[in-house]
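Please read this briefing alongside the sequence and the 3D view. It goes through a few topics, one at a time.

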Amino acid sequence: MGRPDPEEGQLPAPVKPPDGGWGWIVLLGCFVITGFSYAFPKAVSVYFKELMKDFHVGYSDTAWISSIMLAMLYGTGPVCSIMVNQFGCRPVMLIGGLLASAGMILASFTTNIIELYLTAGVLTGLGMALNFQPSLIMLGTYFDKRRPLANGLAAAGSPVFLSSLSPLGQVLLEKFGWRGGFLIMGGLLLNCCTCGAVMRPLDMAKKKPKKGKKLLDFSIFSNRGFIIYTISKFILVLGLFVPPILLVNYAKDTGVPDTEAAFLLSIIGFIDIFARPACGMVAGLKWVRPHVAYLFSFSMLFNGLTDICSARASNYTGLVIFCVFFGISYGMVGALQFEVLMAIVGSQKFSSAIGLVLLIEAFAVLIGPPSAGRLVDALKNYEVIFYLAGSEVVLSALFLGVASYCCLNRGKKEPLPENNPSAGGGSDTEEAESDVQEAEEHSSDNHQPAHSTDNAVVVANEEANHVAEEQRGEGGGCPAGDGEVLARDGCNADQMVERDSF
């Protein structure tokens, strides 16, 4: 007749994201993982010339190493989601760190290019994928109010590591050769295990797995906001990575010396380092965060227009100006992309959502840059490529902004109540309401007596009400869950609205 035993599948009051404390250590780990995941596939390109000599292959053959890494990072998203939902973030990250390190260590002993594809490409790429996705999930667990800033700081790991790993790889290549460099880089990737070890879950009595538990939640496709986001990101990725990939060759073809041409990427990286945290701070402002999707749309529009306006740049000064504006806009996109997704689907469904989004983006990654390269070979004209890439990015921005306004904001049954908390997904009330439902389902599955079921539901309801009261005390209004606002305490049932907006 008393409070149900946690061993029977019930939950205590959900833990509120600390927005600090150990969360800063989690943020540091996410910073390192993001840096390795995005920068490592590009940094290994410094070894390509030596690999071409030793294995007697062409540049396109060695370039497949980086392509396979990126394909594994994006394409294995659903696999990562299933593993995280089944085993948790920390075990998956520890395994991923070991795989990433083992891939580079084994690559140092390879004797042909196919073995490199399987070790440095598939194995290391899979290991980094198993680290990247869980680190973002843990970041969303530890941060709520400061989540936009946290996402911006974590995203800064990409330009920081790119500016560090490439020079380091060159030094290792000169002193130890490509085999020694791969071996040492494999040792560096063991730091991913350290990052995984610090990703401890928030303290709570844990759920007992339910029968028929979903390993990959496809119900997110019923969320109109998620559909709009996914389509927009697919169009975006088609053109986003094309300019930085072709920039150096474009500069060389216009007569810019090799060293100055390579420095253009350093300009983008340097600006990017500061643009991401700054954009995260802006996105966290009270009057900006409820409209973060439109800020994301603006950042994409800014990036696309930068490509279009710079297509005719014919001298080094013009290219430097392009790099400055591209670095700012590119950093804004990188800082906001996962924050917007978290705001759409909430923390509970984020693990499934990011896996499915990355899988869809994998097709765009494989289509976009290679298609642009073939057009350059056919047309011998970089100007057309910049116009095309910029137009694709602009189209993605317009689609996100217009579709969000027309299909979401104007499609609401009623406007949200005043003083509604910021539209960040995965609120504590949402999790408490989910606990109520799970308590009911678990009780019915195990055929417990009716009075025990009622007692469990009452306890869970009290916890949800307690969280709701705390939220009203902080800024008050009806608590916003994922999908709809539920009637509770001072909220009327007829105020129930769909929350497909961001």
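**Charges over rings**

Arg200 lies over the face of Trp22, 4.0 Å from the centre of the ring. The model discussed here is a predicted one. A second case involves Lys233, whose charged end sits over the ring of Phe338 at 5.9 Å from the ring centre.

**Aromatic pairs and a cluster**

- Rings of Phe, Tyr and Trp pair if their centres lie within 6.5 Å. By this rule, the count is 18 aromatic pairs.
- The ring centres of Phe218 and Phe221 are 6.5 Å apart, and the ring planes meet at 15°. Planes under 30 degrees apart count as stacked, so the pair of Phe218 and Phe221 is stacked.
- Phe221 also pairs with Phe226, with ring centres 5.4 Å apart and planes at 80°. Planes over 60 degrees apart count as edge-to-face, so Phe221 and Phe226 form an edge-to-face pair.
- One aromatic cluster is formed by Tyr250, Phe322, Phe326, Tyr330 and Phe386.

**Buried or partly exposed**

- A residue is buried if its relative accessible area is under 20%, exposed if over 50%, and partly exposed in between.
- Phe221 has a relative accessible area of 36%, so Phe221 is partly exposed.
- Phe226 has a relative accessible area of 0%, so Phe226 is buried.
- Thr230 has a relative accessible area of 8%, so Thr230 is buried as well.

**The surroundings of Thr230**

- Thr230 is placed in helix H10, which covers residues 224–240.
- A polar atom of the Thr230 side chain lies 2.8 Å from the backbone oxygen of Phe226.
- With neighbours within four places in sequence left aside, Thr230 is in contact with Val357 and Ile360.

**The protein as a whole**

- The secondary structure consists of 18 helices and two strands.
- The protein has 502 residues, and buried residues make up 52% of them.
- Among contacts with a separation of 6 or more, 85% are between residues 24 or more positions apart.
- The protein exposes about 21,600 Å², and carbon and sulfur atoms supply 64% of that area.

Conventions:
Residues numbered from 1 in each chain as written. Predicted model: local features only at pLDDT ≥ 70, side-chain atom pairs only at ≥ 80, totals over all residues. Heavy atoms only, no water. Phe/Tyr/Trp six-rings, centres within 6.5 Å; stacked < 30°, edge-to-face > 60°. Buried < 20%, exposed > 50% of the residue type's maximum accessible area, 1.4 Å probe, protein only. Lys NZ or Arg CZ within 6 Å of the ring centre and 35° of its normal. Helix = DSSP H or I, 4+ residues; strand = E, 2+ residues; numbered from the N terminus. Polar contact = N/O pair within 3.5 Å; in protein donor to acceptor, adjacent residues only side chain to side chain. Contact = heavy atoms within 4.5 Å. Areas by Shrake-Rupley, 256 points an atom, 1.4 Å probe, with all protein chains shown as cover.
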